[in-house]
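Reader: I'm new to looking at protein models. Could you walk me through how to read a few features?

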Amino acid sequence: MEFKYKYNPGFSSDAELIASFVVRKPYLDLILENLHENTESANQHVLVVGARGTGKTMLVRRVAAEVRKNPALNQQWYPLVFGEESYGITSVGEFWLEALFHIADQTQNATWQTAYDELKVETDEKRLQQRALGQLMDFADAQGKRILLIVENLNMLFAEQLGEHDDWDLRHALQNESRLMLLGTATQRFEQIEAIQKAWFEFFTIYELEGLSLEDCRNLWIRITGQQVSDNRLKPIRILTGGNPRLLRILIDFAVDLSLKDLMANISQLIDEHTDYFKSHLDHLATAERKVFIALLEFWDPKGAKEIAIASRMNVNQASALLNRLVARGAVMVVPGKGRKKLYQASERLYNIYYLMRRRSHPSSRVQAAVKFIVTFYQGNELVEVTTKLANEACLLNSIERSDHFYAYQGILNASQPLQLREQLLKATPKTFLSASDVPESLKQLISVEAKGQDKNKWQDLIRGGELYKSGNYEEAISAFDNLISRFQDCSEIQLLELLARALFYKGVTLGTLGRSQEAIDVYDDLIERFQHRSEIQLLEPIAKALVNKGVTIGTLGRSQEAEELVRKSLAITPTNWQANGYLAELLVDQQKWDDLWKVLPSVLSASTTNTDAIDPILDTLLLIATMGHAEKILQIIRSTEATTQFEPLIVGLQLFLGEEPVVAQEILEVGQDVAERIRNQQKALLEKGNTDTNY
């Protein structure tokens with residue numbers, strides 16, 4: 001895929017910058033206010049701090065565009081924009097020489113080009129400083145304006161490229177020359193602005209760019225797609241990306257373009273774009289420092305010096321000293337741990353992604369991430385559309401380029417429920433995709449199993465009934481199911497019996513939706529009575545589902561004990577059915593059978609490890625149990641099962657609710673805070689209702 005510099009502000013015109021600048025507006029206003037107020041003999045200089053991809057370049061370039069556009073600012077200031085990296089600057093004289101280079105470049109004026117050419121051969125540093133700064137001031141006087149120096153990556157410039165004496169000389173000039181203001185950026189806070197003995201201590205007004213708020217993410221979404229988006233869709237994406245505008249753009253673009261190929265290319269491009277940057281940093285580390293840094297990159301959560309020492313095969317004192325060096329370099333940051341314990345993590349998430357992808361690169365891991373996103377983001381007919389587009393795209397690629405597409409298609413097909421949806425997917429898929437010579441054997445087998453014994457005509461009424469149900473045409477749906485029941489009630493072929501059982505089940509579901517509870521119970525009884533003595537796996541699932549749904553219906557009528565018995569019968573047939581496990585837990589909570597609940601709950605949690613659809617409803621039940629005063633017990637049970645990964649945000653939320661201080665990745669911590677807040681709000685609501693059944 002040809003990569004376009006779509007999001008690089010350095011390649012955008014002022015009009016493009018202004019049109020695409022939809023977040024960070026409060027920071028823009030603050031910096032412009034600084035510019036308006038800098039009218040005295042000394043200027044207030046500004047530093048913007050934020051990780052890569054957070055929008056620093058976009059912000060400072062937008063400032064330059066506003067200065068050129070706004071008559072009042074344009075009359076007062078001339079924005080002089082340095083390149084994103086200024087590796088050639090190793091002295092103060094070279095700093096002013098670089099400024100002169102950009103004057104010549106921006107004005108395309110032969111006078112300033114000649115001045116630059118003459119000075120770049122100057123070998124005496126003191127003379128270079130004086131002459132280059134003098135030329136810069138001559139330019140300011142000729143323009144009748146102050147110069148706004150926009151310089152990126154000051155942390156590298158001050159910490160690695162300039163010496164300490166240079167820092168003081170540069171500060172002296174900026175502090176005493178009213179015709180100069182410095183607007184800089186840095187990827188993190190650094191020693192030269194933090195330490196009281198350093199030149200840049202308390203020199204800048206500092207604005208730190210955090211991850212975008214939910215509202216900013218929404219504005220970015222609307223700007224890119226032209227469409228509104230719900231919080232339910234947007235918030236997980238914000239948490240996943242940490243509110244990083246660059247990562248948000250990649251995911252939002254995929255949501256619009258629906259192209260797996262583009263998503264893969266963008267993820268790879270994101271890493272490739274930073275390869276030189278990351279590799280150069282790793283290469284320039286001393287061997288021992290690099291070893292510790294790589295050990296840290298293997299982790300995602302913050303870790304202490306002891307864990308990092310073990311991973312890097314050295315003693316704690318060595319690892320601690322090296323970590324402190326890496327902190328000074330800005331490659332590592334310290335996060336608070338329990339008590340006085342220091343924890344460390346990479347300053348930039350992309351360090352982790354870069355290293356882990358380079359070390360453990362495997363197409364299936366990228367495919368799994370894409371499949372999870374697709375199946376979560378798109379539902380029903382929308383999923384059919386996006387999958388069909390994926391298959392059509394693959395047909396236009398060669399066998400090397402489309403291997404990911406086959407694995408993604410297989411993952412979506414495996415993850416798609418119910419049966420009708422899988423049928424729709426297969427039916428909509430181009431035959432050239434499914435019959436290609438390079439289709440993986442595992443996908444061929446899956447397609448064969450799906451197609452085996454399926455007569456499309458016989459399933460049409462069931463599919464049609466399902467579609468009518470989804471569209472709210474319940475009476476027509478019942479007619480479609482009745483048509484099937486009358487056609488196949490006397491058949492003996494197992495596939496037709498399965499069709500009959502499913503038609504009865506879905507008729508019961510539809511009647512229940514209409515509030516016709518007794519009729520729904522009668523249909524479930526009919527299904528159970530017809531097939532209760534059959535042992536074929538195709539019939540066991542509908543029977544088990546009918547038992548659960550009958551139990552749910554009876555439960556709504558206040559007959560909890562009878563409902564519990566039905567659900568337990570269902571679980572005897574299909575022990576891992578997550579709906580049955582989850583509903584049994586609900587019934588036990590409703591009856592406050594806590595001892596029985598603690599016995600059942602591990603099975604409920606285990607169901608979530610094999611079916612991700614189970615997580616949301618089970619989560620609701622777990623939150624209710626925690627709200628009713630059993631947060632500590634829930635935490636204990638989850639930790640005793642294999643479901644800790646699926647419910648990590650809940651574990652963190654319970655810890656926070658119980659007053660603990662978990663140490664986890666920021667993304668998980670943020671979700672955990674929401675979980676803890678939800679439990680508190682639910683508890684408050686129960687107390688306001690005068691509920692006396694809680695145990696807190």
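Predicted model: local features only at pLDDT ≥ 70, side-chain atom pairs only at ≥ 80, totals over all residues.

Reader: Okay, let's start with a single residue. Where is Leu 73 found, and is Leu 73 buried or exposed?

Author: Leu 73 sits in helix H4, which covers residues 71–76. To judge burial, look at relative accessible area: under 20% is called buried. Leu 73 has 1%, so it counts as buried.

Reader: Which residues is Leu 73 in contact with, leaving aside neighbours within four places in sequence?

Author: Its partners are Leu 32, Leu 35, His 36, Glu 66 and Val 67. Take Leu 35 as an example: in sequence it is 38 residues apart from Leu 73, yet C-alpha to C-alpha they are 7.7 Å apart in space.

Reader: Let me try another one. Why does His 102 count as buried?

Author: His 102 counts as buried because its relative accessibility is 8%. You'll find His 102 in helix H5, residues 92–107. Not counting residues up to four places away in sequence, His 102 touches Leu 80, Val 81, Phe 82 and Gly 83.

Reader: Now the helix pairs. How do H5 and H6 cross?

Author: For a pair, check the distance between axes and the angle. The axes of H5 and helix H6 (residues 110–119) come within 8 Å, crossing at roughly 150°. Angles over 145 degrees count as roughly antiparallel, so H5 is roughly antiparallel to H6. Their crossing is left-handed.

Reader: Which residues meet there?

Author: From H5 come Leu 97, Leu 100, Phe 101, Ile 103, Ala 104 and Thr 107, and they meet Trp 112, Gln 113, Ala 115, Tyr 116 and Leu 119 of H6. Sorted by class, this contact has nine nonpolar residues, two polar and no charged.

Reader: And what about H28 and H29: at what angle do they pack?

Author: Helix H28 (residues 517–531) packs with helix H29 (residues 537–556) at about 150°, and their axes are 9 Å apart. H28 and H29 are therefore roughly antiparallel to each other. H28 passes H29 in a left-handed crossing.

Reader: How many charged residues are in the contact of H28 with H29?

Author: First, who is there: residues of H28 including Ile 521, Tyr 524, Asp 525 and Phe 531 meet residues of H29, among them Leu 539, Ala 546, Lys 550 and Ile 554. By class, the contact of H28 with H29 has two charged residues, along with eleven nonpolar and three polar.

Key: Residues numbered from 1 in each chain as written. Heavy atoms only, no water. Helix = DSSP H or I, 4+ residues; strand = E, 2+ residues; numbered from the N terminus. Buried < 20%, exposed > 50% of the residue type's maximum accessible area, 1.4 Å probe, protein only. Contact = heavy atoms within 4.5 Å. Axes fitted to C-alpha atoms, helices over the stretch in contact; angles between N-to-C directions. Parallel < 35°, antiparallel > 145°, perpendicular 65-115°, else oblique. Left-handed = near helix turned anticlockwise from the far one by under 90°. Nonpolar A, V, L, I, M, F, W, Y, C, P; charged D, E, K, R; others polar.
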